[in-house]
Structure formats: structure tokens, C-alpha cells
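Dear colleague,

Please find below the structure that I am handing over to you. My notes on it follow directly after.

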Amino acid sequence: MKNFITFEGGECSGKTTIIGEISKLFDEMKIKYITTREPGGIKIAEKIRSIILDVDNKEMTSETEALLYAAARMQHLSEKVIPMCNQGYVVLCDRFLDSSIAYQGFARGLGVDKVLNINSFALEYLPDLTIFIDVKPEIALKRLTLRDKTDRLDLETIDFHKKVYQGYKEAVKLYPNRIKVVNGNQSLENVISDCKKIILDYLR
Ligand code: TMP
């Protein structure tokens, strides 16, 4: 695929702000783009998102959770990401497959192979570039407690978020060419400028 760029990182890694800043840059440079997110981005996937993240759904098994993310992903790819890429837009997507590797594969303990297996349709459309915002889980969780929004995954323990972090590190090892690591422990200004540089270098 062409120009499919994803952003990855644990909770409160600043992805949303960073995507906003890249959007402003693209507006100035008159680059055609869209922003979207996973799980979500389109009606069906947003509905799946609300089921997954509903704090009342305590009975949900890790397997079901992983399958729902994979289902939302495939619909989002078919309905939005692939058509927009084909029309020449840069697609800036908040999370994608690497989130499933980190959260379901590692933190939930399903293992990478199983996660890749149930995402086999999506594997045909891997991003061209992925930016992983590398924030230490302790720092991210401090930020999380300052935020008012809470969903089912936010309620997990520090151990869970440490495993997510470890999972991302493994994803980077698995896809070293596609995933670029940005130090997210520095000031947000510097994080944004590192991201801009990587993306502009890639598009050049
Ligand atoms: P967000 O808060 O960045 O919008 O992401 C929603 C939550 O979903 C977040 O806790 C990470 C989680 N998630 C997974 O566990 N697996 C996935 O494949 C994706 C895309 C998100």
C-alpha cells in the first residue's frame, strides 16, 4: 500500500496531539490526507469499539477482544483506508495491528502468532510507515491519572501497561524497517518535531 502511516504507543503517549500537529503541517504543505483511528474510523468499527471498551463488559474474554479488534480493523481497511490510499491520500491512523500485538498478544498473553493469525486478512495491508511513541509506562500512567476519561482498558494495572510496553518493543523487533521509534519521554514539542522529520523524510 502507499502512504498508509500509523501511530502507536501506550496510553497517554500523545498520539492524538501528534496526529493533530502533522495534520496542520500537511494543511500548510497542501498534502492530501485523512486522519482516522482504530478501533473505529467508520460507523461499524465505532460500534465495535464501544462494545470492546464498555466498562460493563467484564465477561469479555481476551480471545473475543482480539477477534473484535481484528473485525473492526478489516472493515476499516476495506471501507476507508484502502480506498483513500488508492485515491492518493496519506492516511494518518491512530493505532493499527501493532496495538493488537502489544495489547492482546503480550499484555493479554495470547501470543504474537495467534494475534497475527486472526489478523491474517489485515496482514496484506500493513502500513508503509509506523511511528512508535516510546514512553515509559510509569510516566504514561502518571499522565493517565490526570485524564478524566476512563474505559475498560484504562482500568488495567501498571503490570498490564508494562507488558503492553514490552509488546511494542517486540513489535519493533519483528518489523524493524516499518516501525520508527520516537523518544516520547522528551518534551511534546521535541516529540512532534521528531515525528514531522521522520514523516517528511519518508514522503520525500
Ligand atoms: P485509544 O485510547 O488510543 O483510542 O485506544 C483504545 C484502546 O484500545 C487502547 O486502550 C488500546 C486498545 N487497543 C487494543 O487493545 N488493541 C488494538 O488492536 C487496538 C487498535 C487498540
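A polar contact, as used here, is a pair of N or O atoms within 3.5 Å; within protein, one must be able to donate a hydrogen and the other to accept it, and residues adjacent in sequence count only if both atoms are side-chain atoms. The model is a predicted one, in which local features need pLDDT of at least 70 and side-chain atom pairs count only at pLDDT 80 or more, while totals for chains, interfaces and linings use all residues. Residues are numbered from 1 along each chain as its sequence is written, and side-chain values use heavy atoms, with hydrogens and water left out.

I begin with the ligand. An oxygen atom of the ligand lies 3.2 Å from an N or O atom in the side chain of Lys-15. For Arg-49, a polar side-chain atom is 2.9 Å from a ligand oxygen, and for Arg-95 the distance between a side-chain N or O atom and an oxygen atom of the ligand is 2.7 Å. On its own the ligand has 470 Å² of accessible area, of which the protein covers 94% (Shrake-Rupley method, 1.4 Å probe).

The ligand is surrounded by 15 residues, the closest being Glu-11, Arg-73, Arg-95, Ser-100 and Gln-104; a residue is included if one of its heavy atoms lies within 4 Å. Helices H2 (43-53), H3 (62-86) and H4 (97-107) each supply at least two residues of this shell, and H4 gives the largest share, four residues. Helices (H or I, at least four residues) and strands (E, at least two) are DSSP runs, numbered from the N terminus.

Next, the sheet. Five strands form an open, parallel sheet in the order E2-E3-E1-E4-E5, where two strands pair if DSSP finds at least two bridges between them. Strands E2 (33-37) and E5 (179-183) are at the edges with a single partner strand each, so one side of each has no neighbour in the sheet. Strand E4 (residues 129-134) is joined to E5 by five bridges, and Thr-130 stands opposite Ile-179 in E5.

H3 touches E1 (4-8), E2 and E3 (90-94). Helix H8 (residues 188-203) touches E1, E3, E4 and E5.

Finally, two backbone features deserve mention. Most residues other than glycine have a negative phi, and most peptide bonds are trans. Cys-12, in the loop between E1 and helix H1 (15-29), has a positive phi of about 55° although it is not a glycine. The peptide bond from Glu-38 to Pro-39 is cis, with omega near -15°; Pro-39 is in the loop between E2 and H2.

Yours sincerely

Terms used:
Contact = heavy atoms within 4.5 Å. Axes fitted to C-alpha atoms, helices over the stretch in contact; angles between N-to-C directions.
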